[in-house]
Amino acid sequence: MSIKDLRTFLNDYENEFPDDVIHIEAPIRCKYEISAIAIAFEKKSKFPLLIFHKPVNAKEETSKFPVITNLLASRTKLAYAIGSTFDDLSIDWIQKAENEGKQPVTVQHSESSCKEVIYKGDEVDLMDIPFLTHHELDAGPYISAGHFVSYDPDSRVDNVGVYRGFVSDTREIRVWFEPRAHAKINMTKNESLGKDTPCAFWIGHHPAVPMGCYVRPPYPKSHYFPAGGTLGDQLRLVSSETLGSDFMVPADAEFVIEGFLKAGVRKSEAPFGEYTGYYGPERENPVMEVTCITHRNDAYWHSHMVGHNTVFSATAQEAALYSSVRKVVPNVKRILIPPAAKQFMVYIQLEKTMEGQAKSAIMAALTSALWVKYAVVVDSDIDIRDDREVLWAIASRTRAERDIYIIPDMAIAGLDPSGYDLGAARLGTKVGIDASKPLDLKFPEKIDIPAEVKKKIRLEDFLSKDKIESVPNFLTG
Ligand SMILES: Cc1cc2nc3c(=O)[nH]c(=O)nc-3n(C[C@H](O)[C@H](O)[C@H](O)COP(=O)(O)O)c2cc1C
């Protein structure tokens, strides 16, 4: 079995898309400066895979660990990771994870690259790792692409979720769990018995592994099993150093950070710049005491540009949304969570045949995804990859009093800044916008040129690639 890991992906991806991988060789601080480079690309609507070879860590030392970001930041990268395409990505992703899962295989410590370097107890100094401080008001350096493993103490089934970690000391990480997070269930079960929760963050793997782990199987079901489906191979696991021989971590990860959530201990965590585009609030949150770090030689440290790119989590949800909408409206064509709206919105493209279908689709979408607050239905002549077309459809095809539905007091995402808390729940208002053409009105035709002319007349046949590229984009700059 050939091993698939972060390095095989980087190598293959760079061979296939050399222009989408940027190496920065100059020293650059992990505090804000790496974010500044990623944000400068984002302003140009570009999300290249960025590798920083000389990151300067919190101790103001040049770290030996290169930093990678934007690894999962485009549909093209995600599609490449699992052998899919831009358009079919979400459906292939869920199909592989749910129907082609594979039992993981256990390997020896000697065969596990994540054990090449091991620090235990007092040897551990988290500050050697080039954690990013992403934004100005962040509480400090954060783990942002950490896959947090914990086990259900009853069934001994693994749970893997992406949870942020505030690195508050040389051996301490503070974490935040949403009320519905499965890791929180594991912690609560342990705490009810007065026990600490064994846990580990693993960081850096072939993108197919995070993709498989992220489909959120029902509790308590293994996340390592669907990861085998997206990876196309059994995931190689190895036992932990300090959490017991049945606590398993991916053998080919770049880093593994082991420790315990201390029972009943809570300390202040955040603010942290969140996916919403706002800072998440400071709260009293669980605390992990680190017992061990293992890593590969010359390990890569992986970080997400949280708040700047939500393609990974948004695409993971699209297939689930597609399946909910399809149950009530079989003629749904495509679904897209537009990156600009940071998961608060979904576009639904319908081949409408009957009135009522748009509203049914809207209701299905708004009730099946907690974080989606706006559902917009458009006809199949609207390209939902292009926000401008969707805005045009809303602006030109809706009659607000008839086509916009406002539904107050629905369950929404825990970090939604527009909501309010009621007990453990966060509630807020959701909106449906039916921007499809009414079937009973003779709507004017969309302007266009003949398809054969579009195909025949191509800019590249009249102008050089450089000339086309050098024309300024006055929409974005
Ligand atoms: C980059 C990133 C960061 C995230 N950070 C958190 C977090 O700090 N806390 C949280 O509860 N969920 C966070 N999430 C969402 C969870 O990972 C997601 O809901 C996951 O399905 C939880 O899995 P589980 O409930 O099976 O543990 C994050 C997701 C991503 C992609």
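Predicted model: local features only at pLDDT ≥ 70, side-chain atom pairs only at ≥ 80, totals over all residues.
Reader: Into which domains is the protein chain divided, and what distance separates their centres?

Author: The domain assignment gives domain 1, residues 86-303, and domain 2, residues 311-434. Taken over C-alpha atoms, the centres of domain 1 and domain 2 are separated by 31 Å.

Reader: Which element gives the largest share of the side of domain 1 that touches domain 2?

Author: The contact between the domains involves 15 residues of domain 1 and 13 residues of domain 2. By class, the side of domain 1 that touches domain 2 has nine nonpolar, four polar and two charged residues. Its largest share, five residues, comes from α4.

Reader: Why do the buried residues of helix α4 lie on the same side of the helix?

Author: The buried residues of α4, which spans residues 89-99, are L89, S90, W93, I94, K96 and A97. They are on the same side of α4 because the arc they cover around the axis is only 165°.

Reader: Against which helices do the buried residues of α4 pack?

Author: The residues in question are L89, S90, W93, I94, K96 and A97. Their packing partners are α3 (75-82), α6 (208-213), α7 (224-231) and α8 (311-328).

Reader: Which element gives the most to the shell around the ligand?

Author: The ligand is surrounded by 17 residues, and the closest are G161, V162, R164, E178 and H182. Two or more residues of the shell come from each of β10 (158-162), α5 (182-192) and α8. With three residues, the element that gives the most is β10.

Reader: Which strands are included in what covers the buried residues of α5?

Author: In α5, the buried residues are H182, A183, K184, N186, M187 and N190. H182 is also one of the closest residues to the ligand. The cover over the buried residues of α5 includes β9 (147-151), β10, β13, β16 and β19.

Reader: Which residue follows α5, and what is its phi?

Author: The residue that follows α5 is G194. Its phi is positive, near 75°.

Reader: How many bridges join β16 to β13, and how many to β19?

Author: Strand β13 (residues 197-203) runs antiparallel to β16 (residues 255-269), and A200 has E258 in β16 as its bridge partner. The pairing of β16 with β19 (residues 283-295) is likewise in the antiparallel sense, and K267 has N285 in β19 as its bridge partner. The counts are seven bridges between β13 and β16, and 11 between β16 and β19.

Reader: Which strands stand at the edges of the open sheet of three strands?

Author: The order in this sheet is β6-β14-β15, with mixed pairing. Each edge strand has a single partner strand, so one side of each is left without a neighbour in the sheet. The edge strands are β6 (105-106) and β15 (248-250).

Reader: In β14, which residue stands opposite T106?

Author: Strand β14 (residues 236-239) runs parallel to β6, and two bridges join them. The residue in β14 opposite T106 is L237.

Reader: What are the phi values of Y32 and D409?

Author: Most residues other than glycine have a negative phi. Y32 is in the loop between β2 (28-29) and α2 (33-43), whereas D409 is in strand β24 (residues 404-411). Phi is positive in each, about 70° for Y32 and near 60° for D409.

Reader: Why does D409 count as partly exposed?

Author: A residue is buried at 20 or more other C-beta atoms within 10 Å and exposed at 12 or fewer. D409 has 13 C-beta neighbours inside 10 Å, so it counts as partly exposed.

Key
Residues numbered from 1 in each chain as written. Helix = DSSP H or I, 4+ residues; strand = E, 2+ residues; numbered from the N terminus. Arc of directions from axis to C-beta. Contact = placed C-beta atoms within 7 Å. Near = placed C-beta within 6 Å. Domains from an automatic or database assignment. Nonpolar A, V, L, I, M, F, W, Y, C, P; charged D, E, K, R; others polar. Pairing = 2+ DSSP bridges.
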